[in-house]
Amino acid sequence: MLLAKLSAANRIDWSRAAMGGGHIDEKRGAGIGPSPVNRGKPCSKHHLIYDGNGTPLFALTRSANDPDIKRALDLLDCSADRPGRPRRRFKALLAEKACSSAAFR
């Protein structure tokens with residue numbers, strides 16, 4: 001609801017977006033898997049996409065051993081799924097090196 005209100009007030013910066021993720025140590029819960037960066041301890045990874053102002057637009061939580069490129073595509077799909085017309089796209093997207101692939105570009 002907050003994003004809908006921000007969009008209606010023209011407060012979302014569609015000129016650029018940034019996406020990234022981070023590992024979180026967890027003992028139990030959904031999306032737990034062995035961490036490739038923390039000696040195999042149970043972790044999850046949170047993936048977020050932000051607009052140009054730093055407002056979070058969408059977040060995903062997955063197992064820490066999921067490839068970043070899969071989550072990057074999911075983030076873009078979810079951020080593009082906005083109601084109303086005209087459909088808007090980001091003019092520029094900043095992402096981690098882990099998201100660099102020909103299919104993603």
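K70 counts as partly exposed, because its relative accessibility is 48%, a value that lies between the limits of under 20% for buried and over 50% for exposed. This residue belongs to a predicted model, and its place in that model is in helix 2. The chain has 105 residues, of which 26% count as buried, and its secondary structure comes to two helices and five strands.

**Overall layout**

- Read from the N terminus on, the elements of the chain follow the order α-β-β-β-β-α-β, an order that accounts for the two helices and five strands of the secondary structure.
- When contacts are counted between residues at least 6 apart in sequence, 55% of those in the chain join residues at least 24 apart.

**The cavity**

- The structure holds one cavity of 30 Å³ or more, and the largest cavity has a volume of about 50 Å³.
- The residues that line the largest cavity are M19, G20, G21, H47, D68, R71, A72, L75, E96 and C99, and the elements that contribute two or more residues to this lining are strand 1 (16-25) and helix 2 (68-80).
- Helix 2 supplies the largest share of the lining of the largest cavity, with four residues.
- By class, the lining residues of the largest cavity divide into four nonpolar, three polar and three charged; glycine is counted as polar in this division, and G20 and G21 are among the lining residues.

- K70 lies in helix 2 and is 29 residues from C99 in sequence, while the C-alpha to C-alpha distance between K70 and C99 is 8.5 Å.
- C99 is also one of the residues that line the largest cavity, and C99 is touched by I69 as well.
- I69, which likewise lies in helix 2, counts as partly exposed because its relative accessibility is 24%.
- Leaving aside residues up to four places away in sequence, I69 touches A98, C99, S101 and F104; of these, S101 is 32 residues from I69 in sequence and 7.9 Å from I69 in space, C-alpha to C-alpha.

**The hairpin of strand 3 and strand 4**

- Strand 3 (residues 42-51) and strand 4 (residues 56-63) are paired in the antiparallel sense, and the pairing extends over seven bridges; within it, H46 stands opposite T61 in strand 4.
- Four residues lie between the strands of this hairpin, and G54 takes a positive phi near 90° there.
- K45 has its place in strand 3 and counts as buried, because its relative accessibility is 7% and the limit for buried is under 20%.

**The aromatic pair**

- A search of the whole structure finds one aromatic pair, which is formed by W14 and F90 and is tilted, with 5.3 Å centre to centre and 35° between the planes.
- The pair links distant parts of the chain, since W14 is in the loop between helix 1 and strand 1, F90 is in the loop between helix 2 and strand 5 (92-94), and the two residues are 76 residues apart.

Note on methods
Residues are numbered from 1 along each chain as its sequence is written. This is a predicted model: local features need pLDDT of at least 70, side-chain atom pairs count only at pLDDT 80 or more; totals for chains, interfaces and linings use all residues. Side-chain values use heavy atoms; hydrogens and water are left out. On a 1 Å grid over the protein atoms alone, a cavity is a set of points where a 1.4 Å probe fits but cannot get out, and a pocket is an open set with protein on both sides within 12 Å along at least five of seven lines; lining residues have an atom within 4 Å of a point. Grid points are joined across faces, edges and corners, and a volume is the space filled by probe spheres set on the points. Two strands pair if DSSP finds at least two bridges between them. Buried means under 20% relative accessible area, exposed over 50%, partly exposed in between (1.4 Å probe, protein chains only). Rings of Phe, Tyr and Trp (its six-membered ring) pair if their centres lie within 6.5 Å; planes under 30 degrees apart count as stacked, over 60 as edge-to-face and the rest as tilted. Contact means heavy atoms within 4.5 Å.
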